[in-house]
Amino acid sequence: MRFYLSKYPIHKLPQPTKLQNIKHILLFSNTALGDTMMSTPAIAQTRQAFPSAKITLFISKTIYPLFQNYEYVDNFLIYQGGYKGFISDIIKMRHLKPDLVLMFHSNGPMDIPSAILSGAKYILKTSRNNDKEQLLSTKLPFYAHFIPARLQTLSYITLENYDNIQMKLPAKYHTFSVNNEREGQRIGFQMRTSKERREWGIENFAKLATMILESYATATIFLSGTLPEREYSDQIYSFIPKDLHERIHNHCGKYSLDELPYFLKSLHCFITGDAGPMHLCGALGIPSIALFLGGASPTGSGILQDREIHIEIQQESPEMITTHQVFESLEKILVELQ
């Protein structure tokens, strides 16, 4: 990489500079669902800032189905994950001939080399305090929350201030509405997260489910997750009285990622750890209770929009969040929905 830069140096930007004549932009946001969702405000603003430029989004193959026909980009480059396709990705990037690369969220060790070898004139990366960021057009300051941090990355080369932190899915999800006036309270549980230490645990969710179902005679609980998480979620039934089982439905694996927003819109409230579906709720205006555990923090990844319908509870360990605390938060949300 250093040898390449000695032959083909990228343009340095020692201070914020408004870039002109940008014809093709390559955006990196090729990691998990939540990270991609938190990039969407910056993606939308990039489209507005460069209306005549062609924009390609480098996105994970698992997340791509959710963003097909995304009105803010012209094209997609699909990231396969890990080292798979590393060389072919670089070849495809070079074929695009990007003038500018904006790396809103990506992970090493392949991301910065890929961007540099793309042949782009300018490369900026939302700071993760990586030493290799010094090789890029500039080393950006670190900002705590991911959404304004990515907007600041764009600001560096537009000289504009951005305060629109609304997460944006394809328009079809925002225009779709469901009738939630049916009898009963539809509550979703997302029990798994990307890291086990950030999970509240089966038994805690079981106690909460029992409390909800015994307190609300018309309540129904839906378990959300991927197909591999179905067996894990089934364990909740062993901790719940049998007469309540028929009011708990395990929907893990029932919906593909591009179908998940429609399911979430059918719920009155979604209770979750710091996971991708939490950010879908934020984007779609679905009331949520987010449990931040094991080092996860709303300071960096909490929902910023529609704050009045989202409750965040942060503790270091599961036992520090009580069932009554979460139940009382749910009651507040259900009262507001009446």
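In the second largest pocket, α6 gives the most to the lining, with seven residues. The model under discussion is a predicted one.

- The space in the second largest pocket amounts to about 220 Å³.
- Its lining consists of 20 residues, and those closest to the centre are L140, Y143, A149, Q152 and T153.
- The elements that give two or more residues to this lining are β4 (100-105) and α6 (146-158).
- Sorted by class, the lining of the second largest pocket comprises ten nonpolar, seven polar and three charged residues.

**The largest pocket**

- The largest pocket holds about 940 Å³ of space.
- A total of 42 residues line the largest pocket, and A32, L33, G34, S194 and G276 are the closest to its centre.
- Two or more residues of this lining come from each of α2 (33-49), α10 (260-265), α11 (276-284) and α12 (298-301).
- The element that gives the most to the lining of the largest pocket is α2, with four residues.
- By class, 13 nonpolar, 22 polar and seven charged residues make up the lining of the largest pocket.

**The six-stranded sheet**

- An open sheet is formed by six strands, which follow the order β8-β7-β6-β9-β10-β11 and pair in parallel.
- The edge positions belong to β8 (248-250) and β11 (310-314); each has a single partner strand, so one side of each is left without a neighbour in the sheet.
- On average, and with direction ignored, neighbouring strands of this sheet are turned by 15 degrees against each other.
- Within the sheet, strand β6 (residues 186-190) pairs with strand β7 (residues 220-224) in the parallel sense, over five bridges.
- Opposite R186 stands T220, a residue in β7.
- In general terms, the strands of a sheet pair through backbone hydrogen bonds, either parallel or antiparallel.

**Helices across the sheet**

- Helix α11 lies across β6, β9 (269-273), β10 (288-292) and β11.
- The direction of α11 is at about 145 degrees to β9.
- Helix α13 (residues 323-337) also lies across β6, β9, β10 and β11.
- The direction of α13 is at about 155 degrees to β10.

Note on methods
Residues are numbered from 1 along each chain as its sequence is written. This is a predicted model: local features need pLDDT of at least 70, side-chain atom pairs count only at pLDDT 80 or more; totals for chains, interfaces and linings use all residues. Side-chain values use heavy atoms; hydrogens and water are left out. On a 1 Å grid over the protein atoms alone, a cavity is a set of points where a 1.4 Å probe fits but cannot get out, and a pocket is an open set with protein on both sides within 12 Å along at least five of seven lines; lining residues have an atom within 4 Å of a point. Grid points are joined across faces, edges and corners, and a volume is the space filled by probe spheres set on the points. Ala, Val, Leu, Ile, Met, Phe, Trp, Tyr, Cys and Pro count as nonpolar, Asp, Glu, Lys and Arg as charged, and the others, Gly among them, as polar. Two strands pair if DSSP finds at least two bridges between them. Axes are lines fitted to C-alpha atoms, for helices over the stretch in contact, and angles run from 0 to 180 degrees between N-to-C directions. Contact means heavy atoms within 4.5 Å.
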